[in-house]
Amino acid sequence: MNKFWIVLSHTYISKLKTKSFIITTVIMMALVLILSNMTNILKAFGSDEQEQVAVIDQTGDHLFDSYKAEVEAVNDEITIIASQDEGNVEKKVTDEEIRGYLLLEKDVNYGLKGTYKANQISDSLISNDLFLALSHLKSKRTASELNLTDQQIVQLNTPPAYETIALAENAKSEEDLNQARGLVYVLLFVIYFGVLMYATMIAMEVATEKTSRVMEILISSVSPITQMFAKILGVALLSLTQMILFFGVGYVSIKRNLTDMNEGFFAIFGFGNTNISTIIYAIIFAMLGYLLYATLAACLGSVVSKIEDVQQMISPMTMLVVIAFLIAMFGLGNPSASYITITSFIPFFSPMIMFLRVGMLNVPFWEIAISIGLLIATIILLGIVGARIYRGGVLMYGSSKSLKSIKSALQLSKKK
Amino acid sequence: MALQIKGVTKKFGEFTAVNNLNFTIPEKEMFGFLGGNGAGKTTTFRMILGLLDPTEGEIVWNGNKIDYASSSLIGYLPEERGLYPKLKVRDQIVYLARLRGMNKGKALKELEYWLDRFKVPEYIDKRVEELSKGNQQKIQLIASMIHKPELLILDEPFSGLDPVNVEMLKDAVIDLRDSGTTIVFSSHRMEHVEEMCEHLCIMHKGSPVVEGKLKEIKRSFGKKNVSIRADFDLSFLDSYPGVTKVKTTMEGKILQVTGEDVAASIIRDLVPKGFVRKFELEEPSLTDIFIEKVGAAYE
């Protein structure tokens, strides 16, 4: 067992010291910092710009001042200026001096009519706000024409109480579901990238040792099985280090912005009241998924004889991960679909899809247990077969055609 | 107490890489393992190390099968040289030595000793990819013997080295043998085997064609070389009975004869013809034996 630790710590430390590792970690940490400070950054870029919109009041009722007040109440970043000459204003818009202009008219059917003209109507934000202000204005005018009291207006505007309640005991409420969806989405991404990145790292590591021929010395002193699993765990440790750094930076920076966590950007991701059990399941499924794919990657890496062939060799594995990810993405919209339920028990998909179900639905514990059990059984099986492929594969040089190489690697490691 | 190879055969599918190999390597001795390309040397080494399992037969070292439990007693220099290209010599050797059961401090001390002895102490902090091929080989040899193994397997240890370095590494290997290590080494260079090994084995296409003590192999080979220089025409010797090979040089002839009696009869015939400047009876060289045995097997 002693050698296991030597290989493990060697894998961990030598990888930790490589330039590429340090650089990617720093870049990712910067990315996390930027993402977690998104609200502040957006504010810093957005606040100094006041949008100017001209209003041509053709109603004859002198509505400009009351409309201006309504617009400012809706969005104080829009400045309203009065104007009479449409030709002049249109020129200002084409010269990009002002954002656009609104033509305010009386209308027989609707009472009031607004026409907003701008160079681009792709930015619907201003248009929406102008419309909202106009609606308010219209309501007030109509109300005063009908001699309604303020209280009557409030009564008129209050929507009815409306609620959706799921009857099934294990279903989550719509609100919970939306919140869970954001978190599950982010964590699925983390699992996907983590599994893919670190499994590829394993395959590369094995292939590098093999192509630099240091492997032959290594396997004469440490058994291939010890070596393979020490390497897999070494990289797992490395990934944990990286993840702790990322999440640590993210956590500290989010914590500092806690006040605006429940608004805007973060509300979508449901970070406000993060579900602890979802995160624990994410860690469990990420680790199991990693173990499964890393074992596969180690075998595949052991049969190539040129480093250039690694990508080609592991591409079937990459496809599996991508397919699992795509199914999970489709499943986000409808997590109780039957194809999601079925794939959540298939070992190569379950790390992502069972996690999706656990995060989005209240899955009975026995289903989770079966899925994890199947996953662990597959990992053990793959470990046993994989160790044999690895043992033969590292001694094999020559052409690397996936299936054929795996077959001959197994033959080479045969006892008799 | 020795390394015993008992009736070992290794088949890869239909192909027989090693066929019924039988020999014993005495302890604390250097054993030469010769053979052309693809003769089965590397496969044999891998079986000795336990990396491959023989199809038939067994290999025991001091009565036990070699496995990972005994790896601290074994040293191995593979034919295909390989070290981590990006790793510094220090980290590299210490890692490999620790895997052979040495502790870090001792490994460092030994490494410094060997680098000094090979006159390259400044390489300790260099990355392997920065070193020349010959110097990489020195590092690799250090890696294989730093833990003072009881059994050391060297696959082509001196190939690709200049004569000065060959001598340096040879001395190191001989010192190791004198301190009690059993060494098996393979080579294409007959003179190295002749110089260093008491026992040897010549393999051809998986089968041993010659095996035993160097002196006995030479004696039982029977044929001897006669080298002659004289002031008169020697062409009558080309068809002399008992002469199996004739090589004409600038100064005379080198004959291969079936035995000492032929040499005696030649000299009796030479003396009446004139002045003989040189007449020398030599033992056959290993090269002669190799060419004869392996060459014959080719035909």
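Predicted model: local features only at pLDDT ≥ 70, side-chain atom pairs only at ≥ 80, totals over all residues.
Conventions. I number residues from 1 along each chain as its sequence is written, and I letter chains from A in the order in which they are written. Local features need pLDDT of at least 70 and side-chain atom pairs count only at pLDDT 80 or more, while totals for chains, interfaces and linings use all residues.

Domains. I looked up the domain assignment (bounds from an automatic or database assignment) and found domain 1 at 2-218 and domain 2 at 223-283 of chain B. Their centres, taken over C-alpha atoms, are 41 Å apart.

Interface. I found 23 residues of chain B in contact with 18 residues of chain A; contact means that C-beta atoms, placed from the backbone, lie within 7 Å. Helix 2 (residues 89-99) of chain B gives the most to the chain B side, with 4 residues. Helices are DSSP runs of H or I with at least four residues, strands runs of E with at least two, numbered from the N terminus.

Sheet. I traced an open, mixed sheet of 6 strands in chain B, in the order 5-6-7-3-8-9; strands pair if DSSP finds at least two bridges between them. Strand 5 (74-77) and strand 9 (207-213) of chain B each have a single partner strand, so one side of each lacks a neighbour in the sheet. Strand 3 (residues 30-35) and strand 7 (residues 182-187) of chain B run parallel, joined by 5 bridges. I noted B:S186 in strand 7 as the bridge partner of B:F33.

Packing. Helix 4 (residues 133-145) of chain B packs on the sheet, touching strand 5 and strand 6 (151-155) of chain B.

Technical notes. Contact = placed C-beta atoms within 7 Å. Axes fitted to C-alpha atoms, helices over the stretch in contact; angles between N-to-C directions.
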